[in-house]
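Please find below a colleague's note on the structure under review.

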Amino acid sequence: MELQVVTELVLRKPKRRHRIARRIRNAYQYDTAYWRSAVAGPWGAGMFAFGLLALGMPTGLGTAVDLLLFLLAGTLALYLIAHLTTLLIALIGLPIPRLFTGAVLFDYAASFLIFYYNEVSLAAAAMVAAVISLAGIAAGLLAGMLASRRLRLRHKAAITLTAVLLVAAAAIWSFAPGTGNDSTVPAFQGVQSAGLLQEAGEAGDGGRLLADQPDNPAEPGPYAVSTFTYGSGNDTWQPEYGESVDVTSQAVDASAYIKKWSVYRTAYWGFNQRALPLNGRVWMPAMAEGKDSTESPSHFPIVLIVHGNHLMEDFSDDGYAYLGELLASRGFIAVSVDENFLNYSVWTGIPDNDMKVRAWVLLKHLQQIGDFANEPGNPLYGKVDFARIGLAGHSRGGQAVAMAADYKDWFGSDTELIQSLASYQIEAVAAIAPTDRKVDGKVTQLKDVSYLTLQGARDGDVSDFDGDRQYMRTSYSSGEERFKASLYIGDANHSQFNSSWGGRDVSYPKGILLSRDGMLSPAEQRSIAKVYLSAFFEETLRGGESGNDGQSGRYLPLLQDYRVGLDWLPDTAYYNRFESGSFTAWARYDEDSNRATLPGGGKAAARGLSWREEDAKNRQKGVKPSRGIVLERRLSGNEPSTYALSWKQGAPLPASGRLEGLAFSLTDRSFELEDDTPDAPLAAGAVTVEVELIDGNGTSVRLPLTRFMEAEPLPITSFTIHPWLDRHLSDGKYKHPTEAVYQTYRLAMEDFIAANPDFDPDTGILEFAFQLSGGSAKLMLDDIGAY
């Protein structure tokens, strides 16, 4: 009987709580020394993700402090979650290295959440998390091997060296601010206009120069440069506006516009919306070299430069020193305006109505500078020419400068502001990759103000060419000398126009997924801004004055045709538009929906192709404020297609009465045909375009469009490190690889006369026709007219 009882006790199954306790006690039984060493791999991978998060969520305490805080938090989280996971796996009873597995699962979950909540789709976040976790596993296995006593020392050394090199390469790729340009796009692909350009002889690489070539506008001018700052004197983060400020400025009250200002933002800055500081970095010309004070101008044009919506804690206003120094050396007073306190913060959000306040603060800076200019002893005393003011802005700053130039429309109810600015003349506005959002339900309409906009085709922030929208809404009175111009740059991005913003257009961690392959280097990209902004302000603010050698219009050809400056510009693809008040429109396509009617009683007709008026659209298929005519040819062989504009009494002439040339904007949308017919893609250059004119005597002359400029294929952009990711970041923001961008073609009459001496444009133009031959094509035309 006793033997039976003992046997039953032995065979009886332990109680559940005893089984659970035993499993917990043995939770780490499979985590041998090898696997405990291997945990270093998942820890490193997880901390990589947390490091990216730290870079994308700056506290303002500095990168080193941010990394330390986030890595400590990540390490603590990994420790807790990995050990908790170990206990859960132990309770299940899986015979695997549980601590290591818990660390890997932490990597996956943390990486997934970090990327998913940074506008990365569910599928893409899962994919990225898997890659990081697999990297952690591989590193862990390697760490376990290195810790093993069975591996010889020389093998450990070789493995360690290889691992260090791989990690260093990954780090350099991940965080490098820029790379060299490996673009294969040739600098010039066209034939020059005889009326504008000539062969450069020794220029090489197809370069074309003006017959009377001016100096490179990106080269320093004859003036020495002095610099100083003005500000509140109380800034704790930026000593140049705090204890080290040179000139003290007044604070301004923006409470009429900003209603939501976080208490945390006040704690960070030390002020709220009722006391916004006016902080600025100033570069100004000193006495011209080789001249005495009586020969140098006493008043200089002024240019205010303002940044966009970068992270608040990563200050932006010092990123335009390269422009400020250049402009000052060439005879401008340049001011980089601090609006960092209006920028977005991960911790405090962004003030409401910030877009309008950005423009308002710029105007307040003009008022403050006006006070400085009337204050004896101030560096600006008697130095500023307020009849020649230029504004330049980047990103949201690019929209703000347009709003500031149109301040009567935006701030018309502020009588004091309007009256104080009555004697100030804003002549020119330059916008670098600007936004173009509705504010108070409306947008800016510029009238008789010169306008320039630059945009990169690889802009990962403002991925649409929004500056083109403001370009289209900028208009001029007939005969007005002011003008508008745009430049679209194949391999430029958003951030590199500011020397403080790094090389990636969106913050980490998502920024690591953007590609930098073939992108212009930071120096190359900023050289484009230097060339164009310097030339633009020289032309608009200093043209014709004695200090400019009386050479009014010397940089106008560059703004009309980028090929003039190819010796000054890096090698990539360019597309530009230009129009001035001297342009007389023959066809705008905005006046009505009848495709056959034209201004001035003209008629339009076509044969051998489909044609329709259509809204211009951006990359995201949003409508731009302009319509054009779309010519779609789906023929092949020698049968030509024609689109013709005709007038019985002759086309409208410019105000001068003399026709010197024609101009039109054209974009090649043949890539849309390829999308429609993937089995029969178009060959590049399959279509030949010719332009035909008929004068008042009935004499005709026809020239190929390549006689004036080669049609440049639009850049195809892959924004991310893999095409699949283009569709899975930022709600599909990058899924469209290209955008239809216009190029202005200028056709000199002397070229047509040279082709047929009997052709006489002084008798008028009865017909202007485009003839297409060869393969299929889809083209869009706009702004056809005479100059």
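1. The lining of the largest cavity comprises 9 nonpolar, 2 polar and 3 charged residues. The model is a predicted one, and the volume of this cavity is about 100 Å³. Its lining counts 14 residues, and those nearest the centre are Tyr-575, Leu-666, Glu-712, Gln-743 and Tyr-745. Two or more lining residues come from each of E12, E19 and E22, with E19 giving the largest share, 3 residues.

2. In total, 5 cavities of 30 Å³ or more are counted. The second largest cavity has a volume of about 80 Å³. Among the residues that line it are Arg-458, Asn-493, Arg-504, Asp-505, Arg-516 and Phe-719. By class, this lining has 3 nonpolar, 5 polar and 4 charged residues.

3. The largest pocket has a volume of about 1,600 Å³. It is lined by 49 residues, and Asn-309, Asp-461, Asp-505, Val-506 and Ser-507 lie nearest its centre.

4. Which helices each supply at least two residues of the lining of the largest pocket? They are helix H4 (40–56) and helix H5 (63–92). The largest share, 4 residues, comes from H4. The lining as a whole divides into 16 nonpolar, 18 polar and 15 charged residues.

5. The second largest pocket holds about 1,100 Å³ of space. It is lined by 50 residues, and Leu-556, Gln-560, Phe-578, Ser-582 and Arg-746 are the closest to its centre. By class, the lining consists of 20 nonpolar, 12 polar and 18 charged residues.

6. Both helices and strands contribute to the lining of the second largest pocket. At least two residues each come from helix H16 (522–541), helix H17 (556–560), strand E12 (574–580), strand E19 (661–668), strand E22 (743–748) and helix H20 (749–755). Strand E22 provides the largest share, 5 residues. Strands E12, E19 and E22 also each give two or more residues to the lining of the largest cavity.

7. The structure holds 36 salt bridges. One of these joins Glu-119 and Lys-510, with the closest N and O atoms 2.9 Å apart. The two residues belong to distant parts of the chain, 391 residues apart: Glu-119 is in the loop between helix H6 (98–116) and helix H7 (122–147), and Lys-510 is in the loop between strand E11 (483–489) and H16. How does burial compare across this pair? Glu-119 is partly exposed, at 49% relative accessibility, whereas Lys-510 is buried, with a relative accessible area of 6%.

8. A salt bridge also forms between Glu-416 and Lys-364, where the closest N and O atoms are 3.9 Å apart. Because Glu-416 lies in helix H14 (residues 415–420) and Lys-364 in helix H11 (residues 354–373), the pair ties together parts that are 52 residues apart in sequence. Glu-416 counts as partly exposed at 46% relative accessibility, and Lys-364 is buried, with a relative accessible area of 12%.

9. Elsewhere, salt bridges with shared partners join Asp-468, Arg-577, Glu-579, Arg-588, Lys-624, Glu-739 and Asp-783 into one network.

10. Six strands form an open sheet in the order E14-E15-E18-E23-E20-E21, with antiparallel pairing. Strand E14 (597–598) and strand E21 (700–704) stand at the edges; each has a single partner strand, so one side of each is left without a neighbour in the sheet. Within the sheet, strand E15 (residues 602–607) and strand E18 (residues 641–646) pair in the antiparallel sense over 5 bridges. Ala-604 stands opposite Leu-645 in E18.

Key: Residues numbered from 1 in each chain as written. Predicted model: local features only at pLDDT ≥ 70, side-chain atom pairs only at ≥ 80, totals over all residues. Heavy atoms only, no water. 1 Å grid on protein atoms, 1.4 Å probe; cavity = no way out; pocket = protein on both sides within 12 Å on 5 of 7 lines; lining within 4 Å. Points joined across faces, edges and corners; volume = space filled by probe spheres on them. Nonpolar A, V, L, I, M, F, W, Y, C, P; charged D, E, K, R; others polar. Salt bridge = Lys/Arg side-chain N within 4 Å of Asp/Glu carboxyl O. Buried < 20%, exposed > 50% of the residue type's maximum accessible area, 1.4 Å probe, protein only. Pairing = 2+ DSSP bridges.
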